[in-house]
Amino acid sequence: MTRSTGTARLHRALLAPEATRSNALPAGAWWLWALGLATAASRTTNPLLLGLLVGVAGYVVAARRTDAPWARSYGAFIKLGLFVVGVRLVFSVFLGSPIPGTHTVFTLPEVPLPDWAQGVRIGGRVTAEQLVFALYDGAKLATLLICVGAANSLANPARLLKSLPGALYEAGVAVVVAMTFAPNMVADVVRLRTARRLRGRATGGVGAVLQIGLPVLEGALERSVAVAASMDARGYGRTAQVPPAVRLTTNALTLGGLLGVCAGTYGLLAVQGAVYGLPLLLAGLVAAMAGLRLGGRRSVRTRYRPDRWGVRAWLVAGSGAVVAAAMIWAGSADPAALRPGVVPLTAPVLPLWPAAAVLAGLLPAVVAPVPPPNSRTSKEQP
């Protein structure tokens, strides 16, 4: 009896509750999870692993996104990713590629160029090897964009802005304009297409895009600027007077810490810098956190209902970190599996344990709170 009661309690504890204002995940957790997936995508050109990363991101978005306007931007990022792949293939066909190949697919008329343009060609022979290389390269960039789109669809930009450290409040107005522009643009596209459909006008084609393109861009920018103006009117970003020594120390710690983080991250991603990458990254994080903590004294703004990082938020952020760490390790242990060769042409193989590590990114679909059927988070304002 006791064992069954304990099992039932554990089962209820593991089940994701319905999302409310008090238990909703912080926006930073979603961004850390998405950046972990994006880091993993940057380490491989294997189309099977990239497709698995896209599938993991899409499943989590489908399971945990709300009805808010920014949640509709995921489809736009998928279309943008497909467009990037198409552009990469077109450039490879018409501008050539440094990848040598023996399997000719077709030959285009080559445009003669002057002597000073040596190494550049327009047209000519198109090989299967260069097309496959372009496809792999474009798929990697498309996966990065889709991972960022997943974060835009799941994270409330207003809550993310509210969670910024005090030392970064001056940049808050610019951040809110940048982060709310894409969601507002997607919402305006949906609204204008619905209005045109009700009036009996075409909603697709080049003519429709040209007619609604300018109103969409103008409306999205105006809404983003209006939000930024309302924040400025409420005193967002105002700072208190601090001694010059404290201000200089804050700037030095923050700037030096961020440079250390960048250099350490580059060291971790590069094979040659793996020795010094981790110590430099840790030192940069400590210095940056000290600078942000010290710079928080300049803020005179109080925070209403601050986001709290609970166990579920740490699990979501940690799952993205696990995926990124596993892919970085796999890149040094078995680089051939993560970057299949194109000369000669070989079929890509799905490495088992990196694929299993990518599946760890599905954890948010289990532990994150479930959005209610009729979510009204779109009405939240920063």
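Is Arg 88 buried, partly exposed or exposed, and what is its relative accessible area? Arg 88 is partly exposed, with a relative accessible area of 24%. The views below come from a predicted model.

**View 1. The salt bridge between Arg 88 and Asp 137.** Side chains of opposite charge can pair when their charged atoms come close. The closest N and O atoms of Arg 88 and Asp 137 are 3.2 Å apart. This pair links distant parts of the chain, with Arg 88 in helix H4 and Asp 137 in helix H5 (residues 128-154), 49 residues apart.

View 2. Helix H4 (residues 74-95) gives the largest share, four residues. Leu 95 has its place in helix H4. With a relative accessibility of 46%, Leu 95 is partly exposed.

**View 3. Trp 30 and Trp 33 as an aromatic pair.** A pair of aromatic rings is described by the distance of the centres and the angle of the planes. Two aromatic pairs are found in a search of the whole structure. In the pair shown here, the ring centres of Trp 30 and Trp 33 are 5.9 Å apart and the planes stand at 80°, so the pair is edge-to-face. Both residues lie in helix H2, three residues apart, about one turn of the helix. Trp 30 and Trp 33 are both buried.

**View 4. Thr 44 in the loop between H2 and H3.** The relative accessibility of Thr 44 is 0%, so Thr 44 counts as buried. The side chain of Thr 44 reaches the backbone nitrogen of Asn 46 at 3.0 Å. Neighbours within four places in sequence aside, Thr 44 is in contact with Leu 49, Leu 50, Lys 140, Leu 338 and Arg 339.

**View 5. Asn 46 and its contacts.** Asn 46 is found in the loop between helix H2 (27-42) and helix H3 (47-64). Asn 46 is buried, and its relative accessible area is 0%. Not counting residues up to four places away in sequence, Asn 46 touches Ala 337, Leu 338, Pro 340, Pro 348, Val 349 and Pro 351. Leu 338 is listed among the contacts of Thr 44 and among those of Asn 46.

How values were computed
Residues are numbered from 1 along each chain as its sequence is written. This is a predicted model: local features need pLDDT of at least 70, side-chain atom pairs count only at pLDDT 80 or more; totals for chains, interfaces and linings use all residues. Side-chain values use heavy atoms; hydrogens and water are left out. Helices (H or I, at least four residues) and strands (E, at least two) are DSSP runs, numbered from the N terminus. Buried means under 20% relative accessible area, exposed over 50%, partly exposed in between (1.4 Å probe, protein chains only). Contact means heavy atoms within 4.5 Å. Rings of Phe, Tyr and Trp (its six-membered ring) pair if their centres lie within 6.5 Å; planes under 30 degrees apart count as stacked, over 60 as edge-to-face and the rest as tilted. A polar contact is a pair of N or O atoms within 3.5 Å; within protein, one must be able to donate a hydrogen and the other to accept it, and residues adjacent in sequence count only if both atoms are side-chain atoms. A salt bridge is a side-chain nitrogen of Lys or Arg within 4 Å of a carboxyl oxygen of Asp or Glu.
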